[in-house]
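Please examine the sequence and the structure shown below. The questions that follow proceed from local details to the whole chain.

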Amino acid sequence: MRGVRGVRWRRIASQVGRSVAVWAVSALTMLVLAALLPDFQLQSADGDSATRIAVTAACGAGAFGVFSAVVWPVLVRLLLLVPALVLGLLVFFLNGSLLLLALRINPSGRGEAAPETAVIVAAVMSAVASATGAALAVRDDEAYRRRLHRLATRSRRAQPPCPSAPGLVCVQLDGVGHDVLTEAVREGLMPTVARWLATAGGTQPPGDRIQPVGGIQPTDGLGGLQPTGGIQPTGVGTQPAVDRTQPTHRLTPWYTDWSSQTGASQLGILHGSTFDVPAFRWYEKDRGDVMVCNRPTSAAELQRRAVRRTGDGGLLALDGASRGNLFSGGAGEQALVLSIAARRRNRENRSRAGYFAYFSDPANAVRTALSFVAEVAREIGQSTRARIGKQRPRVGRGGLYPFVRAFATVVERDVVVAAVMGDMLAGRTAVYADLVAYDEVAHHSGPHSRDAAKVLQRLDRSLALLERVAERAPRPYRIVVLSDHGQSPGETFRARYGLTLGDLVRAGCGLPVPRRAERTRSGAEARAAVRAALRRPVEENGAHHPSSRDSEPIVLASGNLGLVSFPDVPHRMTKEEIDARHPALLTTLANHPGIGFLLVRSEAHGGVVLGAYGAEIPLAELDDDFGPLARFGPGAADAVRRTHSFPHTADIMVNSAHDPADGEVLAFEEQIGSHGGLGGAQSRPFLLSPLDLSAPSEDGERLTGAEHVHRVLRRWLGELDGPQVPLTTGVEEERAA
């Protein structure tokens, strides 16, 4: 008993000592800042003694520390109601407000600061206090162990699994194609992945430090105290050392369906079904609504349909965590998951709970906010350089885009990585997380641009950080890295031809188009084709056609895949019906040099693919080696046939032209790196898996479709002696939602 009391008192003394040390360092920081910043004063105008100034600094630092620990979490909960894009800016002002309040209640009455200076002082003090506390705690194995235990049990209601059974962590690098990854490894941009594959440049020199991600230092809101440099706590789930010179992973390409985009791929990976997801956005005639995969209501509906079709809750239904994804995968722990954002918020279901868990630490908030501002400045500089250098191809990157990019590359990354670290320290069985940074930048800068390459470097550091945390987790982990699709480069359809796909469709229907489109060669040819088909002039107001605005076509774009629907016709129209209604439309589209092929329903053949020069091939005779699909590579015919079977396939499916020589496509959206259709690297993502898991596919077998990847991940969960994905868990909940 006396020994237990002694340990307890030593523990209390250690905690008090660390708190006093952090307080002292914070006070010293405040004194230094007061000496450097003219608008920050800790003494009266007449001057004070050194002792009086030190007392003022100590009182101010103590009050600011208390407010940061007590008031800040409350403020962050209120921030959950604020749009995420303004979160970074609010962090600065709120932190500065806490400092002003601390100075105001200072018993000495001496401290004062200008509001803009208070923001700077608060940011520096938060970072210094956090780093000091982390360093002191990391050197104390017992404190480190207790901190990990608290983080591991936070919000965890289920009993922890047996630590001897390895867990599975899947990190999705959104939009990173197989070829982009191999090129990045070859050029030394991703040394962590290179080391896993034991390729040139992949061996890490002894003692090298894993650099923090985006400013994430040893303390973070979910991951806790991360051992960095040579400081290695002992006895906290330490895993055996591995030979860094031998390969630990294998790299396997896989191939998407026609709809090469996150909505289809991630739904298939997490829920085992990509059925009836023809594109990123499409019009459903029976519902009279446009489905968009990154819209919360649409994501929730797609997840319900997948659960209903497969009959199980998802890949993560037992002891799983879903982080930063479009869909939940049936996970009990969810943060930043889009499909639950449309539901009524409650304690069990908060799509933005990850923000609170991360930003409840003011140091995290300050670091991420600083990185956010730096990323905005970086994007403005890079876009200005591209514009001055007249880079081609190029798209507009103004407006809110710098803030959207900063959110994707900084805020989302930091929050998701921290959440995954917390899941690993909590010993969860299966974790799936999506990092969207590369995809966002590559859309506007190009998949092979210098801007995108820098993002890949930062993503590699994220993987290195997760690897280091896995070594300290309470159970072994196997880290799988994969992508949902790639990206294909190329200028936009509008940039090359001067009109959009919507303009071309309207011209082919004989409907009015903007003057800029009328003056283009494509617009003029389309209107000439209409005149020839109708054998009469086309009126500018469209009076030749008795249709109303409700019968005008709805044209939607998903990368280089276009979808044309006629909302006044309740069923999917056939080629014969379209020809009777708009005699020149299909010919105009099929013969356009920027369009590779069309898919339409046919009364005679069930479905046909149309190409230039009158090519018309029934689906039953479709082949990858000849005809309009010959340029699109193996598997294109099967992908087109499968999409034709979907209930909500559009009346006309339009795939852009593709140049196999340079892999370029023509996006129907304003993107110079695009995905969503067939052609080039967009259809060839990757799967990077540990060697101690079975091979994803048999020798020579082509890994095709996200549903196939789902089956592979389920098999690996079984190999790791984890729970099998249930057939009923979560199904009733999804059906009732």
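**Questions on a predicted model**

K390 lies in the loop between helix 11 and helix 12. The model is predicted, so local features need pLDDT of at least 70 and side-chain atom pairs count only at pLDDT 80 or more, while totals for chains, interfaces and linings use all residues. Residues are numbered from 1 along each chain as its sequence is written, and side-chain values use heavy atoms, with hydrogens and water left out.

Q: Is K390 buried or exposed?
A: Buried means under 20% relative accessible area, exposed over 50%, and partly exposed in between, with a 1.4 Å probe and protein chains only. K390 has a positive phi of about 50 degrees although K390 is not a glycine. Because its relative accessibility is 64%, K390 counts as exposed.

Q: Which peptide bond is cis, with omega near -5 degrees?
A: The proline concerned, P393, is placed in the loop between helix 11 (362-388) and helix 12. Helices (H or I, at least four residues) and strands (E, at least two) are DSSP runs, numbered from the N terminus. The cis bond is the one from R392 to P393.

Q: Is D276 buried or exposed?
A: D276 is found in the loop between helix 8 (262-271) and strand 5 (281-284). Its phi is near 65 degrees, a positive value in a residue other than glycine. Since the relative accessible area of D276 is 7%, D276 is buried.

Q: Which residues does V416 touch, not counting residues up to four places away in sequence?
A: V416 is found in helix 12 (residues 401-426), and at 2% relative accessibility V416 counts as buried. A contact means heavy atoms within 4.5 Å. By this rule, and leaving out residues up to four places away in sequence, V416 touches R323, G324, L336, A433, D434 and L435.

Q: Which strands do the buried residues of helix 21 pack against?
A: In helix 21 (residues 636-644), A636, A637, A639, V640, T643 and H644 are buried. They fall within an arc of 165 degrees seen down the axis, so they line one face of helix 21. These buried residues pack against strand 14 (595-602), strand 15 (606-610) and strand 17 (652-656).

Q: How many disulfides are there?
A: A disulfide is a pair of cysteine sulfur atoms within 2.5 Å. Among the cysteines, C293 counts as buried at 0% relative accessibility, and C509 counts as buried at 4%. By the distance rule, the count of disulfides is zero.

Q: What share of the contacts in the protein chain between residues at least 6 apart in sequence joins residues at least 24 apart?
A: The protein chain comes to 23 helices and 21 strands. Of its 737 residues, 56% count as buried. Among contacts between residues at least 6 apart in sequence, the share that joins residues at least 24 apart is 73%.

Methods: The arc is that of the directions from the helix axis to the C-beta atoms.
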